[in-house]
Amino acid sequence: MPLYHNDDQAMLKDSVAPFVAEQAPVSHLRSLRDSADATGFSRDLWAQFTEMGLPGMLVPEAHGGLGMGHMEAGIVLEEIGRNLTPSPFLSTSVGAVAALAKAGGTQAGRWLPAIASGEAIIALAIDEGAKHRPDRIATTATRAGNGFRLDGKKSFVLHGHVADMSIVAAKTDGGITLFAVPKDAKGVTADPRRLVDSSLASHVTLDGVEVDADAVIGEVDAGGEILDALLAATRTGAAAEMVGVGQGAMDMTVNYLKERKQFGKLIGEFQGLQHRAAHLYGEMEVARATVMKAQQLLDEGSEGARLMVSVAKAKAGRAANLAVREGVQMHGGIGMTDEYDIGLYMKRDRALAEYMGDVHYHIDQVARMNGY
Amino acid sequence: MSELDAFRAEVRDWLEANCPAEMREPVRDEGDVCWGGRNWVFKNDAQKAWLDACVAKGYTVPDWPKPYGGAGLTPEQTKVLKQEMKRIHARSPLDSFGIWMLGPALLQFGTEEQKVEYLNPIARGEIRWCQGYSEPGSGSDLVSLQTFGEDKGDHWVVNGSKIWTSYADKADWIFCLVRTDKANKYQGITFMLFDMASKGVTTKPILLISGNSPFCETFFDDVEVPKTQFIGEVNRGWDVAKYLLGHEREMISGGGAGGDMVSIGGAFAKAFGKNEAGELDDPILRAEMAAFDVDVFAYRAMGERFMDMWKTGRAHPASSNMMKYVGTELNKRRHELVMSGGGSEALEWDSEETKGGARARGWLRTKANSIEGGTSEVMLNVIAKRILDLPGA
């Protein structure tokens, strides 16, 4: 498969790009932020996403979805990134779907159709501290009655306070097990915090939460593989969204270089800025190719996907970070103002960079996967 | 079985039968690389046998048409052949500026007669070519070149000098940019071809910081060049040169501009030792190598995407400049890490254990990567101007 979008994918992009740009541009994020919106995204917008079939893109056709791949989901995520659109798409339609589709069984049958129909918002309760350490999960699930009792604390749970269901990773006797914990489960408290990018992420406390045995996603003790699928999909998706954020910031900045005059010249005439912009272009192109490669390998079910996903998360993290930093700097004083959008790109990039493992985490993973 | 699969099977059998075992060993020194030419001395019988077998099959230039010495393979078949050669670690049967540079220019701009006359000896490794582009006063600003060919009716008399002529002292012929109209900067250059044995041609190797002399200064003192020996049109040699520079950057981009595309940390962990946690036993170096590995794997994906897009006309025409810039900067970084990883051992300049200071010399050699074929700074200028459309660039 060539590493560019085929005709169908190009058509998808042609319909999604103007849709997101018109319905959810940066001003949409601003209006949610300025009205102190308590949901974290617009349900009206999610209904529009649903009309286009987007929430169920990755859901298998047998469960009412479109059965598309990560390459297609990445197209949507890039536009979400470019427009800084607040949306539960990444956690619900990418991360949760990857886990549920991998696991199959009762929970897949229960939730996948609901995701595809736009009814269900799903949160991913994986992290437990300030840093992403999925190999050190301390939340426990102990057998109780017909089911399990969950105890622990989760953090950085995007949409955790409004999600209809949260996928909770917990330690069981023989490994990791994933649970589908419904919104109204007794003993669950979600404490939403406003983050730097105006999104809402919850600290979730699980205090003796009792769930039935069929709340298990996949098999008991065999959640490791499902968690891996969830992480690979979400990381790749976050990387795609970062490519959108970085590209949006870069485009805005390059345009600014062509408009702003100082010393009687357009500042884009100065070689000092030209070379930095050109360097950034190269980094963004490489990041984009890397993310596409990760998507392709995931869609093929290739063994090489694991390495490439970490490479993509790290590379997109570096490139988008460069894009937003150069963006603010090259905009000068105006880049420091809230009125101008470039700062919002910097904030979103920071949050995405941290989500599901930052640059350093993934660089370390690449070293481990290569035996050092 | 698809046609391509059948072709793959055929190639496999052919390689098995024709590629000598010695030619599947890693290249150890310069003599292991076969450049061909009038004065070529084969290092061993295997090197000659491998070249002969490939020449007979057209595999020194697999994608060139058969009448010019190639095998007439499609791009897909060529890719398969390369994959299969790589699989058995087969060495390149023939390296040559004729194959990489002059051939593509002839295929694009040459007459039918020129193609037959010049391409076949290149494909057979009989004539070794060098490239006369840069001059002492014309490096990045190549179009300012001054070597002049005076029109004498049926021939030109060429005077001037070239610099950075790769292996000029070993080459049989040169393809050379020569000014033929002093009044016209861009449309006053002719792309000439002539024999290095012509009267008035002298070469002088340049000793580089690596201690090696792959490049020469080349002097032309009243060299007579018949007026049939040029490509394209008289005074329009810049078009050919530009095409070739683009091709060169594409080639660098498609090949290993980023150097060896394998994990550097993985290679060093074996030599360097690991701590109890199984990590390379130098945390900061490990981190730098891992960050580098991320960039290498990322660049590998970029190379794949670039070639996929380039071949189907989807790539921005100037994107090879970006590939060249990113890839060569990456390769320089690799060799900095190779030196750090090698420690004092890598500093040794001529010991047997270090294969004659291979690491130190290789490290120094890579510093030219971002100078030759257009400096990194020129690449960035081109990206700024042609891709980002920045003003006044």
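What follows is a short chat about a predicted model with chains A and B.

Biologist: What should I know before reading this model?
Modeller: It is predicted: local features need pLDDT of at least 70, side-chain atom pairs count only at pLDDT 80 or more, and totals for chains, interfaces and linings use all residues. Residues are numbered from 1 along each chain as its sequence is written, while chains are lettered from A and ligands numbered from 1 in the order in which they are written.

Biologist: What are the ipTM and pTM scores?
Modeller: The model has ipTM 0.96 and pTM 0.91.

Biologist: And what is the mean pLDDT of chain B?
Modeller: It is 93, and 97% of the residues of chain B reach 70 or more. pLDDT is the predictor's confidence in each residue, from 0 to 100.

Biologist: Now the interface. How many residues of chain B are in contact with chain A?
Modeller: 35 residues of chain B are in contact with 34 residues of chain A. Contact means that the C-beta atoms, placed from the backbone, lie within 7 Å.

Biologist: Which part of chain B supplies the largest share?
Modeller: α8(B), with 15 residues. Four helices of chain B each supply at least two residues: α7 (264-272), α8 (283-311), α9 (319-342) and α11 (376-387).

Biologist: What classes of residue are on that side of chain B?
Modeller: There are 23 nonpolar, 4 polar and 8 charged residues. Ala, Val, Leu, Ile, Met, Phe, Trp, Tyr, Cys and Pro count as nonpolar, Asp, Glu, Lys and Arg as charged, and the others, Gly among them, as polar.

Biologist: At what angle do α9(A) and α8(B) pack?
Modeller: About 105 degrees, with the axes of α8(B) and helix α9 (residues 305-331) of chain A 9 Å apart. So α9(A) is roughly perpendicular to α8(B), a label for angles of 65 to 115 degrees. Axes are lines fitted to C-alpha atoms, for helices over the stretch in contact, and angles run from 0 to 180 degrees between N-to-C directions.

Biologist: Which residues meet there?
Modeller: From α9(A), A:L307, A:M308, A:V311, A:A314 and A:K315; from α8(B), B:V294, B:F297 and B:A298. By class, that contact has 7 nonpolar, no polar and 1 charged residues.

Biologist: How do α7(B) and α8(B) pack?
Modeller: Their angle is about 145 degrees and their axes are 8 Å apart. B:I264, B:G265 and B:F268 of α7(B) make the contact with B:R286, B:M289, B:A290, B:F292 and B:D293 of α8(B).

Biologist: Different topic. Which residues touch the most other members of the largest nonpolar core?
Modeller: A:A99, A:I167 and A:F179, in a core of 164 residues. Helix α7 (residues 223-257) of chain A gives the largest share of this core, 19 residues. A nonpolar core is a set of buried Ala, Val, Leu, Ile, Met, Phe, Trp, Tyr and Cys residues joined through C-beta atoms within 7 Å.

Biologist: Where is A:M356?
Modeller: In the loop between α10 (342-354) and α11 (359-369) of chain A.

Biologist: Is A:M356 buried or exposed?
Modeller: Buried, because A:M356 has 27 C-beta neighbours inside 10 Å. The cut-offs are 20 or more other C-beta atoms within 10 Å for buried, 12 or fewer for exposed, and partly exposed in between, with C-beta atoms placed from the backbone.

Technical notes:
Contact = placed C-beta atoms within 7 Å. Parallel < 35°, antiparallel > 145°, perpendicular 65-115°, else oblique.
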